[in-house]
Amino acid sequence: MPVTTTLRRFAMPVIGVALALFSHATLAQDEDWPKRPVTIVVGFSAGGTTDIIARMLGIELSKKWGQPVIVDNRPGAGGNIAGSAVAKAAPDGYTLFMGSTGPLAVNKSLYKRMPFDHLKDFTPISLVADVPNMLVINSKSMPVNSFKEFIDQLKANPGKYFYASTGSGTASHLATELLKAQAGVEATHVPYKGAVALNDLLAGESIHFMFATIPSVIQFVRSDRLKALAVSSRKRSSGLPDIPTVAESGYPGFDASSWFGLVGPAAMPKAVTEKISGDIAGILKTPDMHAKFIEQGAEPVGSTPQQFGDYMRAETVKWAKVIKISGATAE
């Protein structure tokens, strides 16, 4: 028998054993994850809904993992700056992205050039929460008492009023553009980098209204600093059931809610991905955490990685149609 054949027959079992040992060692490492701090990158400024949800979840994950969970705010470009940073990070589970409707579904149809492919460059982990957007006004600068009066005021004064958004292409921007298209009204868009938009709305000088996620404005509504006129979801919010929907206020089919989910870089280890997803689902099911989300106006969800990936694809198609109808573009 040739020497090469003998060596090949000897080497194959050895290689097989080595690969099995390596696979076992890798699995053991994944099961031990995390061994150091985990960073959740947020694409908007501190105080906004994405930031609030990331921090609420991060506190509980830190307790469960026994490691610090750091929230890193990198606002700009509708979440694309933060998303790009995570897409380029090592796929080891230590750098994650708390994404939202914008960077994980909408931006593809708004921006001519994207720094990442949201369906290929990320590992879906879990849908965390659904959050209706709420139409809020500053009563001092826009003295109306109902959604109907609000629409009447816009129709009577085309272009007079200014509305804020947390950035061009974000859900707060698109919700208003969709309403403008359906109601046939005009208003001037003033984009901001994240939740700082609220500062000018609260001042009541240059901004008159905006669609904002409930967690970011609920405290101001409850303290009467802002007035809520309607929510953008098909159903009323569990946290604020007295506020009507836009759909029931004269525009059937109107639906422009936000959602938030956790992703990591593409090709993350399956064991790590499923661990994070399972831990999030467990946390969101606890009565205490569920109550905290509802109190903020958010509906806790939790999902498998596969379910979240399917949801991202469906939402990408849905919002592409909304953007086409509204004519919205990223500035």
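Q: Which residues do ring pairs link into a cluster?
A: This is a predicted model. In it, Phe147, Phe150, Tyr163, Phe209 and Tyr251 are joined into a cluster by ring pairs. The structure holds 11 aromatic pairs.

Q: How are the rings of Trp33 and Trp65 arranged?
A: Planes over 60 degrees apart count as edge-to-face. The planes of Trp33 and Trp65 stand at 75°, with ring centres 4.9 Å apart, so this pair is edge-to-face. The pair links distant parts of the chain, 32 residues apart: Trp33 is in the loop between helix H1 and strand S1, and Trp65 is in helix H2.

Q: Are Trp33 and Trp65 buried or exposed?
A: Buried means under 20% relative accessible area. Trp33 has 5%, so it is buried. Trp65, at 10%, also counts as buried.

Q: What does the pair of Trp259 and Phe308 tie together?
A: First the geometry: the ring centres of Trp259 and Phe308 are 5.9 Å apart and the planes are at 90°, so the pair is edge-to-face. Trp259 belongs to strand S10 and Phe308 to helix H11, so the pair ties together parts 49 residues apart in sequence. Both Trp259 and Phe308 are buried.

Q: Which residues have the most contacts inside the largest nonpolar core?
A: A nonpolar core is made of buried residues joined through side-chain atoms. The largest one here has 46 residues, and Phe147, Phe150, Leu179 and Phe209 have the most contacts inside it. Beyond its neighbours within four places in sequence, Phe150 is in contact with residues including Leu135, Met142, Leu179 and Phe209. A second, separate core has 31 residues, among them Ile40, Val71, Phe260 and Leu284.

Notes: Residues numbered from 1 in each chain as written. Predicted model: local features only at pLDDT ≥ 70, side-chain atom pairs only at ≥ 80, totals over all residues. Heavy atoms only, no water. Core = buried A, V, L, I, M, F, W, Y, C linked by side-chain atoms within 4.5 Å. Buried < 20%, exposed > 50% of the residue type's maximum accessible area, 1.4 Å probe, protein only. Contact = heavy atoms within 4.5 Å. Phe/Tyr/Trp six-rings, centres within 6.5 Å; stacked < 30°, edge-to-face > 60°. Helix = DSSP H or I, 4+ residues; strand = E, 2+ residues; numbered from the N terminus.
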